[in-house]
Structures are given as C-alpha cells and as structure tokens.
Amino acid sequence: MTPARVDLNSDLGEGFGQWTLGDDDALLGLVTSANVACGFHASDATIMRRVCARAVESGVAIGAQVGYRDLPGFGRRFIDVEPEALTADVVYQIGALEAFARIAGDRVRYVKPHGALYNAIVHHEEQAAAVVAAVVAYDRTLPVLGLPGSAWLRLAGEAGLTVVHEAFADRSYTPEGTLVSRRLPGAVLHDPAEIAARCVAMAAGEPVRDVEGGELTIRPDSICVHGDTQGAVEIARQVRAALTTAGVELAPFAG
C-alpha cells in the first residue's frame, strides 16, 4: 500500500558568488524540505540567507547540507580528514546555516551529509562517528537523513538521534542498495516520467530495478531530487504530481 505521507527534498543553495546552479526558487515551490549547502562544498553567506528566507516563505523545512571543505570539487571528492576536524567542520556548517535560518524566522530542522561525505559514511565507521558526534554536540534533537543500511544511520540511532531513510529519485542503485558512482554510465536518471513512476513504487514499498536489472526495495521516509540534475524542476514537478495522484501526502519529516 502507498504510505499516507512522505517528504520530498532537494539539495539547494549550491551556487557560489556569481555562479548559479539549479533553480532554487522553482524547486522551493515543489519540495517540502530544502537541504541547504553551508559554504564548505558550495554556497556562500548571501546565497544561504536568500534560500533560507525563500524556504520560510514557502513553508519548506530547512536542513543543513554538510560536506567536506572542497569548493573546487563540489564536495564530491573523498577527503581523509581527522575525525576531530570533521566533527568541528560539521558543527561549523550547521551553526552558519542556523544563523541565517533564525534571521528568516525559523531554524535548522535536520542534517544531511552531501556528496562524497554522504557516500563515505555509508561504510567509513570513523567518519560516520565523527559526523554523529557533531550532531550530538550541536543539538541531539535534530533528525539525520541518510542511506538505509549505512554506518551513519546505524551509529546515529545508537546515539539516540532520530534517523530518516532517504531514497534518490534521479540516481541508479547497485544491488546492495548503494548509489552507482557518478563516474559510471547510467548513474544519473533523466526521464521525468520514468523517475516519477519509480518514486511512486518506492513510496509504496514496491521494488524498483537496480543497475543490473534486479529488484530492490527501499521504503524511504524522504525522496531526494538533486537540484543540479539537468531538468530538475520538471523532474520534481512530475514526481510531486505522481505521488499526489497516488494518494501520498507530501510533508516535511522534521517538525
């Protein structure tokens, strides 16, 4: 059966200075949660302030999209950073976004790692523990968003944090339930109708095809449409319409 409720999130605020990436305003009219880049892998103070203000105006929950300190690589390169330094970096990023969320009349409501950090802490126990430590130190009431079965969510749960299972609308999966590397062909999906149908299936707990043609069941609490995927706005529009038509209530997971 299709669940009564699911969250639709997107990575936003990923420009820098005069360089823009994605259509934040359009996506804020479609999603229910905004993973806002915090200045380490993308974004800057002006962008963070603007996206937070627009999110509040749109009734969209603000989440801290934290990553490695890697602007040139957009946070998509693994960095073997010391655990204490990674913890401090994550606290720094949450705190920076919190300031702009408060100015806009809200607060940071959850935490989601980005890019290479997101993928690393699926299996990297030390770095996963470092990110968990940052959230616990900052505010242990903040839910954390991540890949089902990851070390990140397991350690977060053991630390008493609220864990939220995420699926990706526009990415291919391995048979093990991890994301196919962006270096490989077919890693990113582009057909809005196909993506929307996959999202309805995932929300209903029905299997979808992995990259090898097998069946994979995910059961997400939240579904992500990447803001930097080509055609992201149309993808999000069709995903939202398909979920709504299927009887799914779209609402933030973080109150």
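**Close-up 1. Glutamine 65 sits in strand β3 (residues 61-66).** Strands here are DSSP runs of E of at least two residues, and helices are runs of H or I of at least four, both numbered from the N terminus. This is a predicted model, in which local features need pLDDT of at least 70 and side-chain atom pairs count only at pLDDT 80 or more, while totals for chains, interfaces and linings use all residues. Residues are numbered from 1 along each chain as its sequence is written, and side-chain values use heavy atoms, with hydrogens and water left out. With 0% relative accessibility, glutamine 65 counts as buried (under 20% relative accessible area, with exposed over 50% and partly exposed in between; 1.4 Å probe, protein chains only).

**Close-up 2. The side chain of glutamine 65 makes polar contacts with the side chains of histidine 41 and histidine 114.** The distance is 3.0 Å to histidine 41 and 2.7 Å to histidine 114. A polar contact is a pair of N or O atoms within 3.5 Å; within protein, one must be able to donate a hydrogen and the other to accept it, and residues adjacent in sequence count only if both atoms are side-chain atoms. Leaving aside neighbours within four places in sequence, glutamine 65 is also in contact (heavy atoms within 4.5 Å) with residues including Asp11, Glu14, Asn35, Gln93 and Lys112.

**Close-up 3. Helix α5 (residues 125-139) meets helix α6 (residues 151-158).** Their axes come within 9 Å and cross at roughly 45°; axes are lines fitted to C-alpha atoms, for helices over the stretch in contact, with angles from 0 to 180 degrees between N-to-C directions. The two helices are therefore oblique to each other (angles under 35 degrees are roughly parallel, over 145 roughly antiparallel, 65 to 115 roughly perpendicular and the rest oblique). On the α5 side you will find Glu125, Ala128, Ala129, Val131, Val132 and Val135, facing Ala151, Trp152, Arg154, Leu155 and Ala156 of α6. These contact residues divide into nine nonpolar, no polar and two charged; Ala, Val, Leu, Ile, Met, Phe, Trp, Tyr, Cys and Pro count as nonpolar, Asp, Glu, Lys and Arg as charged, and the others, Gly among them, as polar.
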